[in-house]
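Visitor: Hi! Please walk me through this one, a piece at a time.

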Amino acid sequence: MISEKMMQITENSSAIRAMFEEGKQMAAQFGAENVYDFSLGNPNVPAPAEVKAAIEEIIRGEDPLMVHGYMSNSGYEDVRAAIAACLNKRFATGFSEENILMTVGAAGGLNVILKTLLNPGDEVLTFAPYFGEYRAYVSNYDGVLKAVEPDTATFQPNLEKLAQMITPKTKAVIVNTPNNPTGVVYPEDTIVRMAKILRDKEEKFGISIYLISDEPYRELVYDDAFVPYLTKYYHNTIVGYSFSKSLSLPGERIGYLVIPDEADDSETIIKAASVANRILGYVNAPSLFQRVIAKCLDAKVDVAYYNRNRETLYEGLTKAGFSCIRPEGAFYLFMKSPIADESVFCETAKKYHLLLVPGSSFACPGFVRLAYCVTYETIVNALPHFAELAREYNL
Ligand code: PLP
């Protein structure tokens, strides 16, 4: 018999899995080109050419033991130094390789830092809607995830509510900007105000509150949106970065944590996080891809492709009568369901071969998420079906 905890998590995660399965069945029945699957956040823009060139160069040039062997649990020193230098150049920060820990994607990084920080019962705050996996990651270490309710007009963080929800048990706040599932980017002024709230509460309760910036979408921004680098605004910031979306490498599982010297107990956290990386069973981030990304730190995926998708989809949906938040980053669009029960709306959408994810998966019922990391043709061909769906609801 599996554990009670896993029983519950497995049951809860079956809804999205069921949708994937249904998508596959629909594709077999109607032809893949006639099914418009907006459910998955799997990048469809290829990794930049630099990635393939780096793989080939490394495989041809280096001693295989150096490429495939174990290394320090934190990752290769030279790779971490290259990342620190790149961040310092981009954001005028002062990191060294000591501040960088290579991780198994953003998911691995979040698990490492939560294992490092949380005592059972510690509270972690985040803003709804949020990436549903946070629930499982926090529960992995017996923490308690609490969601600040959304401001559904803007989907910007509700800072008054954040301030009210911080207690002496608050250990961390997770923010995700550019955001999955809304596509919003938090402006600098919001970050400044959030940092002040956290500093005031730290002082009031005599505690350290760590701001975990989960930023796999940092590089996917449109219209030159500015994404502040949070370590510059708040001393107890820990950054979780990933190359899954920025270089279209989600299957390779490569990312890093930044633990700045300014963070309270930084030295102990750095040491403990390296041990956490090992004992969680990751041991270290994939060796080949540490080397690959070190050669590709200035490479970029074709953001213009996502941008064209974003504009076409947003315009098409609003023209059809749907109400959506205009995304500024990532590759997701959050749309208001025309009926309160968005799961029923998602079921109806399937009649038109449209696969959407209910907002309840992100703790935000009444909305649906569309992942527009699909081909441009999928979007163009899906729009008449969205128009029919809108007519069904008299929009
Ligand atoms: N955080 C957010 C907000 C995400 O959307 C995702 C993946 O979709 C992750 C973390 C996990 O990313 P990775 O593939 O780098 O583990």
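Visitor: Where does Asp142 sit?
Guide: Asp142 belongs to the loop between helix 7 (133–140) and strand 4 (144–148). Helices (H or I, at least four residues) and strands (E, at least two) are DSSP runs, numbered from the N terminus.

Visitor: Before we go on, what kind of model is this?
Guide: It is a predicted model: local features need pLDDT of at least 70, and side-chain atom pairs count only at pLDDT 80 or more, while totals for chains, interfaces and linings use all residues. Residues are numbered from 1 along each chain as its sequence is written, and side-chain values use heavy atoms, with hydrogens and water left out.

Visitor: Thanks. Back to Asp142: what is its phi?
Guide: Near 60°, a positive value in a residue other than glycine. Asp142 is partly exposed, at 43% relative accessible area. For that wording, buried means under 20%, exposed over 50%, and partly exposed in between, with a 1.4 Å probe and protein chains only.

Visitor: And Ala92, what is its phi?
Guide: Ala92 has a positive phi of about 55°, although it is not a glycine. You'll find Ala92 in the loop between helix 5 (77–91) and strand 2 (100–103). Ala92 counts as exposed because its relative accessibility is 58%.

Visitor: How about Thr93, buried or exposed?
Guide: Thr93 counts as buried, since its relative accessibility is 16%. Thr93 is also in the loop between helix 5 and strand 2.

Visitor: Which side chain does the side chain of Thr93 join in a polar contact?
Guide: That of Asn88, at 2.8 Å. A polar atom of the Thr93 side chain also lies 3.3 Å from the backbone oxygen of Leu87. A polar contact here is a pair of N or O atoms within 3.5 Å; within protein, one must be able to donate a hydrogen and the other to accept it, and residues adjacent in sequence count only if both atoms are side-chain atoms.

Visitor: New topic, the ligand. Which residues come nearest?
Guide: Of the 14 residues around the ligand, the nearest are Ala106, Asp214, Tyr217, Ser242 and Arg253. A residue is near a molecule if one of its heavy atoms lies within 4 Å of it.

Visitor: Which helix gives the most to that shell?
Guide: Helix 6 does, with three residues. Helix 6 (105–117) and helix 10 (243–246) each supply at least two.

Visitor: What lies 2.7 Å from an oxygen atom of the ligand?
Guide: A polar side-chain atom of Tyr217. For Ser244, a polar side-chain atom is 2.8 Å from a ligand oxygen, and for Asn180, an N or O atom of the side chain is 2.8 Å from one. The protein covers 92% of the 390 Å² of accessible area that the ligand has on its own.

Visitor: Asn176, buried or exposed?
Guide: Buried, with a relative accessible area of 4%. Asn176 lies in the loop between strand 5 (170–175) and helix 9 (188–205).

Visitor: Now the rings. How many aromatic pairs are there?
Guide: The count comes to 19. Rings of Phe, Tyr and Trp (its six-membered ring) pair if their centres lie within 6.5 Å; planes under 30 degrees apart count as stacked, over 60 as edge-to-face and the rest as tilted. One of the pairs is Phe131 with Tyr134, edge-to-face at 5.7 Å centre to centre and 85° between the planes. Phe131 is partly exposed at 29% relative accessible area, whereas Tyr134 is buried at 2%.

Visitor: Which residues do ring pairs link into a cluster?
Guide: Phe38, Phe322, Phe345, Phe386 and Tyr393. Phe345 is also among the buried residues of helix 14 (residues 342–351).

Visitor: Last one: what lies over the face of Tyr76?
Guide: Arg291, at 3.8 Å from the ring centre. The charged end of Arg308 sits over the ring of Tyr305, 5.7 Å from its centre. The rule is NZ of Lys or CZ of Arg within 6 Å of the ring centre and within 35 degrees of the ring normal.

Definitions and conventions: Accessible areas come from the Shrake-Rupley method with a 1.4 Å probe; for residues, only the protein chains shown count as cover.
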